[in-house]
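Trainee: I would like to learn how to read helix packing and a chain interface. Please take it step by step.

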Amino acid sequence: MNVTHLILVGIFIVATIIGYLLINNVPSRLHTPLMSGMNALSGITILGAILATATALSSPDTVTGTVFGSIAIVLAMVNVTGGFAVTNRMLKMFGKKKEDNNDQ
Amino acid sequence: MISRILLQTPPPDLLSDPVYYGICILLTAAVLLGIHFMSRVETAKTGNQISALAVAAGIIVTLIKKNILTVWLLYPSIAAGIILGLIVARKVKMIQMPQLVALLNGIGGAASAIVASFAWLFQSNESEPFGTATAILAVIVGTITLSGSLVAAGKLHKILTQRPVIFPAHQIIAAAILVLLTGTLLAGVIYPAIPATALLPVTIVLALTFGFVFSVRVGGADMPITISLLNSLSGLAAAIAGFAVTDILLVAIGGIVGASGLFLTQIMCKAMNRSLSAILLGNTVLQNIEKPTGNVAAESDKPDGKTATLSPVEIIKAARNIIIVPGYGMALAHAQHLVKSLAEKLAAGGASVRYAIHPVAGRMPGHMDVLLIEAGVPFDDVFEMDDINNDFKDADAAIVVGANDVLNPAARNAEGTPIYGMPILNVDQCKNIVIFNYDLKPGYSGVDNPIYNRKNNVWVLQGDAKETLTDFLSKL
């Protein structure tokens, strides 16, 4: 453990606590969109995947690294894009109904 | 460590460290703001968009900071992921949301595991134990998330059996695998001489097996808890991978996701009266089916031939204050739109119609709300259990569609049954109850519902909810 690690642990703890407190305020009717949104966020590992692939490209065994790195990028990107897009689709339904009722 | 390796090929620093860290903190704050916006229906969509933009910005900032903006080989994979993700998001039906979330959890976990594997394999010989330990741990958690989620998704999508599959000595197997995994973790950290290429496959196989063993014993109704837990694990995997590659954003945002999943898991556990440890240890409901004690005195005649002269149609017609209780059975029968038509017809006749949602209705937290709102039910008419539970005693009628355990009064007094102590909707306190259920069999918990045996003012219209509701609507 060095200073960098300690800072990372600190960031982890603070982000987790603030996140927990904020999520506490989300009403249960929004729990499915919340969860799929959080799910999209877990694809943040895309950053690691990009880094790893770029690193592999400069390593001796380029092929294996590139193949697995690219798999990781695709997977994480599907996670991010699919998660956010489907959450958006759901939340659009939540928002739409009011206008619909006014229209009809 | 990966990031360090990259920085060693000294790049022209496009982004100085303080600026980069500042941006990371800003982006984390943006994600938190997005979550804050999720606390209200009106702002939730904006919140989701803020989070999405933060991730997009995170990708761009990382590409700039690590000076890999021009590594063109990265972009085809990114584009492929975006296109696939958009297709999936567009095609999925709302009733399939639980399996989609499970699937996405799984692939997120897999991505984190691959990232961590890289960190493990590429680390320099004199690297610190912290880096090695976090890399191995992230491989383990990510891989467990992968196989656990795939099994959960398979069960939800009915590719695998929805019933719990319990092997002989299930808990011992699970515990043994955990011990072995701890062993590989310790071996990797204490003996850096063991090549990671040898230890990695062993770790992956063990973790895959554990995820499978963990998820396969979970039954349909426990899915909300399992999905929440896997969601938490996918975030945790990202966070731990973030430690391994020293990336602030991964650590912070992964931590937030982990916390959110854990929070939802707790809510689900409370709503099902289950302790998390019991679920982790695999004490699934079906292991101890018992008949409820005592209180089902009159089990003689099934409640179709009612003594009352009134028909359910007349009762509902006369009711001014009606509460509808939808369950997962409604969703299975694709009867949401009929339920909505029924509510609209009754409301047009001057009645007040509201919906009462049990927290675990559906297959993931909040699932029933999404299904109703997709069918076009205004969300102002949809109430959470705690907000409406005191109103059942004053309502003229309750209409139950495809729900059973969540309103089973045995939860209050039948000690020793799996649902004892679970908070339920107080449907039994209502003057008149009309039930549209497929059959009178016990629900998933295996406990008989005494409401079915009540003599007065309970009408059970058995059959496919689509047919019974259509018939009912035509008579109304």
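This is a predicted model: local features need pLDDT of at least 70, side-chain atom pairs count only at pLDDT 80 or more; totals for chains, interfaces and linings use all residues.

Trainee: At what angle do the axes of α1 of chain A and α9 of chain B cross?

Mentor: Axes are lines fitted to C-alpha atoms, for helices over the stretch in contact, and angles run from 0 to 180 degrees between N-to-C directions. Helices are DSSP runs (H or I, at least four residues), numbered from the N terminus. Here α1(A), residues 3-23, and α9(B), residues 223-244, cross at roughly 160°, and their axes come within 10 Å. Angles over 145 degrees count as roughly antiparallel, so α1(A) and α9(B) are roughly antiparallel to each other.

Trainee: Which residues of α1(A) and α9(B) meet?

Mentor: Contact means heavy atoms within 4.5 Å. A:Leu8, A:Val9 and A:Phe12 meet B:Leu236, B:Ala239, B:Gly242 and B:Phe243.

Trainee: How many residues of chain B are in contact with chain A?

Mentor: 100 residues of chain B touch 80 residues of chain A.

Trainee: How many salt bridges does the rule find across the interface of chain B and chain A?

Mentor: A salt bridge is a side-chain nitrogen of Lys or Arg within 4 Å of a carboxyl oxygen of Asp or Glu. Across this interface of chain B and chain A, the rule finds zero.

Trainee: How much area do chain B and chain A bury between them?

Mentor: Buried area is the accessible area (1.4 Å probe) that two parts lose on being put together, summed over both. Chain B and chain A bury about 8,200 Å², with 79% of it on carbon and sulfur atoms.

Terms used:
Residues are numbered from 1 along each chain as its sequence is written. Chains are lettered from A and ligands numbered from 1 in the order in which they are written. Side-chain values use heavy atoms; hydrogens and water are left out. Helices (H or I, at least four residues) and strands (E, at least two) are DSSP runs, numbered from the N terminus. Angles under 35 degrees count as roughly parallel, over 145 as roughly antiparallel, 65 to 115 as roughly perpendicular and the rest as oblique.
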